[in-house]
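Please keep the sequence and the model open while reading.

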Amino acid sequence: MEKIFKLKENGTTVRTEILAGLTTFMTMAYIIALNPNLLTGFAVGTPLWNGVFLATCIASAIGTACMAFLANKPFAMAPGMGLNSFFAVVVANIAVINDCDYTSAFQAALVIILIEGIVFLVLTVLKVREKIVEAIPLGVRYGIAPAIGLMLMNVGLGSNIGIYSENGGPFYMMRDFFGALTPSIIKGNMGSGYDTMVLTVVTAFLGVFVMVVLAKKGIKAAVLLGMLFSSVLYWIGSFAFLGVNPFASLETASFVPPFADMVSTTLFKFDFAGFMNIGWFTAITLIITFCMIDMFDTIGTLVGTASRAGMVNEKGEMPNMKEALLSDAIGTVAGAATGTSTVTTFIESASGVEAGGRTGLTALTSAVLFLACIFLAPVAAIIPGAATSAALIYVGVLMLQGLKNVNFDDMDQMLPVSIMLIGMPISGSIGHAIGLGLISYAVVKLLSGKAKDVSVLTYVISVLFLIKFFAVV
């Protein structure tokens, strides 16, 4: 382990790295079931759902293992949120254009992900993606980590937990519980879901408080222990107050991987003819869109998380960035080959970093757990949303500490950083928020008569984002 991951050099131990990898995995385990749900329209149990489920586990493991061995970084990968929802919309549109069933359209859309991954492989080898990272001004880079922090908090307090009842849903913590004028109003709106919401809110915030207290005592496993505390508390509350068995799903769960469904629906099932039927202009537009979103989502996550972990130099550059980007590209190709949307570096990796993860052993631990979920997915599914929300809120707060590096007396920095701070949580896209930040930075410099302070590549990227935002196709 020492020879491969250079643990002593990075000031860490095997125990710390494994705990960090477990923390990262628990924080992002929701993707195992949510990704096939989103990509198949919640068609649980169908051959396509089963195929995407296995693809999610396998592609995540491959990409994360590459991150471990090629880059020696503690970052985990999985099919990106936002990108998977966009992919599902594209599949539905292809089904209409080609007048075919959803599975056939899905196989045609996988060609987009394959081409995207190959493009990224080429750009990474040619060091183009590294140049793009370097084109992001240092002042803007300082704002990426805090903006991701706000995005994590928004997910933890907002969209991570949706509660349904006979009155509909989903109902969310911040919008529907804390946003209600009085408890009686929200109770009337939520019906039977109100008790579940109260249990969720209480266990999530107690989990955050436990993490803070443990961290103040210098315990590196604070995030993991806080998640375990929230989980146990939620399970007890489900039994005692809701009269629900939180482990009931295990009684009928199947632990046999549906490999046959994967082979028949998604494994290397590229429908090139169906892809070409959508027209070359539409095809190129979709490929460029996926490339831009994924590229800046990945860059933002790597830069932001590495900054929080102290893995960047005085220029804001992360060592082994090329290898990290290469791992991301390999993960995307693996995702296309097995049958899922774009695989990207997850912002939830920040939870493992906060738990002390500093090397690829953290990533390798997460990769092994993803593979294990091929057989143990029902076990991962019983981790309550309250536990993952607690981790997201806590880590989000910690990432806000990066604001101390931003010079708020310099409007050239303040404007793009402020836009990113509000842009990421509202848009839900790291890439789009960075794009808005770069555009703001370039325009302010240009109008201030300081055009030469901005690199040519920054101008090019800004123009590309303007085209993406405003070009109607």
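Buried means under 20% relative accessible area, exposed means over 50%, and partly exposed lies in between (1.4 Å probe, protein chains only). By that cut-off Lys445 is buried, with a relative accessible area of 9%. The model is predicted: local features need pLDDT of at least 70 and side-chain atom pairs count only at pLDDT 80 or more, while totals for chains, interfaces and linings use all residues. Residues are numbered from 1 along each chain as its sequence is written, and side-chain values use heavy atoms, with hydrogens and water left out.

- Lys445 is part of helix α22 (residues 430-447); helices (H or I, at least four residues) and strands (E, at least two) are DSSP runs, numbered from the N terminus.
- Beyond its neighbours within four places in sequence, Lys445 is in contact (heavy atoms within 4.5 Å) with Asp412, Lys450, Ala451, Asp453 and Val454.
- Ser341 sits in the loop between α17 (321-338) and β4 (343-345), and its relative accessible area of 0% makes it buried.
- With neighbours within four places in sequence set aside, the contacts of Ser341 are Asn35, Leu39, Pro79, Asn84, Phe87 and Ile113.

**Nonpolar cores**
- A nonpolar core is a set of buried Ala, Val, Leu, Ile, Met, Phe, Trp, Tyr and Cys residues joined through side-chain atoms within 4.5 Å.
- The largest core has 93 residues, of which Phe87, Met424 and Ile434 touch the most other members.
- Helix α16 (residues 280-308) supplies the largest share of this core, 13 residues.
- A second, separate core has 20 residues, including Trp49, Ala78, Phe370 and Ala380.

**Helix α12**
- Helix α12 (residues 222-242) has 21 residues and spans 28 Å from first to last C-alpha, close to the expected 30 Å, which is 1.5 Å times one less than the number of residues.
- Among the buried residues of α12 are Leu224, Met227, Ser230, Ser231 and Tyr234.
- The cover over the buried residues of α12 includes α2 (14-28), α11 (193-216), α18 (349-354) and α20 (385-399).

**Surface patch**
- Val456, Leu457, Val460, Val463, Leu464 and Ile467 form a nonpolar surface patch with about 490 Å² of accessible area together.
- Patch residues have over 30% relative accessible area and no salt bridge; like charges are joined within 9 Å, and nonpolar side chains (Val, Leu, Ile, Met, Phe, Trp, Tyr) within 5 Å.
- A salt bridge is a side-chain nitrogen of Lys or Arg within 4 Å of a carboxyl oxygen of Asp or Glu.
- Accessible areas come from the Shrake-Rupley method with a 1.4 Å probe; for residues, only the protein chains shown count as cover.
- Val456 is found in helix α23 (residues 456-470) and counts as exposed at 64% relative accessibility.
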